[in-house]
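Hello,

Here is the structure I promised to pass on. Please have a look at it, then read my notes below.

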Amino acid sequence: MNFLSFIIIITGYLLGSIPFGYLITKFSTGKNILEIGWRKTSGSNVFRNVGIWQGVLTGILDLAKGSLAVWLARNLNSPADIQILSGIAAIVGHNWSVFLKFSGGRGIATLIGAFLILSPKILSLSLIPGLILAIIWNTSIGTIFFLIFAIFLSGYFNQWETIGVFVTLSLFPIFIKRLSPIKEIFPLKNNLFLIRNRLILDNDQLCLDLRIKRIIRKLTGK
């Protein structure tokens with residue numbers, strides 16, 4: 001790795017570290033998003049616990065910084081592995097922002113942004129089952145199937161060395177962040193259910209109710 005490649009990857013991390021969820025919440029409400037909801041800068045947390053437009057804007061900007069990280073690497077004629085590392089660095093920066101004492105979000109929007117530049121075709125196909133499951137069942141489970149399907153399609157379209165590697169490596173910062181705060185899961189033997197719930201459902205509590213049922217109950221008042 002030459003010096004330019006190193007700078008590109010660091011730039012990806014710094015772009016990812018821009019805490020849009022924190023800034024938008026602070027400027028629009030004066031509140032600290034790290035003290036609200038599930039205490040992450042994710043667009044979903046901002047959307048649910050701050051406001052609709054704030055959440056949507058956060059999601060768009062979080063996606064954009066992932067795209068920009070890979071776009072810059074590509075337009076500087078970096079090889080595929082540096083483009084991949086730049087995208088992953090943006091995800092890591094989003095999840096552990098240097099500007100927020102290494103707090104941050106969950107990394108999904110930033111991953112999608114980087115994915116959009118690397119392979120819009122595989123991204124589009126991968127999102128279909130993820131979105132269906134997110135609507136019918138649970139967003140966290142939908143995300144897992146989205147990632148699994150992306151890895152499968154990377155092999156099907158002979159893009160394992162780029163998309164497959166990118167998504168596989170991205171699993172680490174995403175699922176490690178799901179376990180946070182890590183200190184709460186120790187000792188491990190006493191918290192296996194908590195670990196399971198956080199990894200699969202991104203929640204401390206086990207809730208397997210179908211989202212579609214909750215929506216129907218809400219609409220019908222039953």
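Is S78 buried or exposed? S78 is buried, because its relative accessible area is 9% (buried means under 20%, exposed over 50%, with a 1.4 Å probe and protein chains only). S78 is found in the loop between α4 and α5 (80–95). Leaving aside neighbours within four places in sequence, S78 is in contact with I8, A73 and Q83 (contact means heavy atoms within 4.5 Å).

A word on the source. This is a predicted model, in which local features need pLDDT of at least 70 and side-chain atom pairs count only at pLDDT 80 or more, while totals for chains, interfaces and linings use all residues. Residues are numbered from 1 along each chain, and side-chain values use heavy atoms, without hydrogens and water.

Now the helices (DSSP runs of H or I, at least four residues). Helix α1 (residues 3–17) packs with α5 at about 30°, their axes 6 Å apart. α1 and α5 are therefore roughly parallel (angles under 35 degrees; 65 to 115 is roughly perpendicular, over 145 roughly antiparallel, the rest oblique). I8 of α1 is among the residues that meet α5. The contact of α1 with α5 has eight nonpolar, seven polar and no charged residues.

Helix α4 (residues 52–75) and helix α6 (residues 108–118) pack at about 40°, with axes 7 Å apart. α4 and α6 are therefore oblique to each other. The residues of α4 that meet α6 include W71 and R74. By class, this contact has nine nonpolar, five polar and three charged residues.

Best wishes

Definitions and conventions:
Axes fitted to C-alpha atoms, helices over the stretch in contact; angles between N-to-C directions. Helix = DSSP H or I, 4+ residues; strand = E, 2+ residues; numbered from the N terminus. Nonpolar A, V, L, I, M, F, W, Y, C, P; charged D, E, K, R; others polar.
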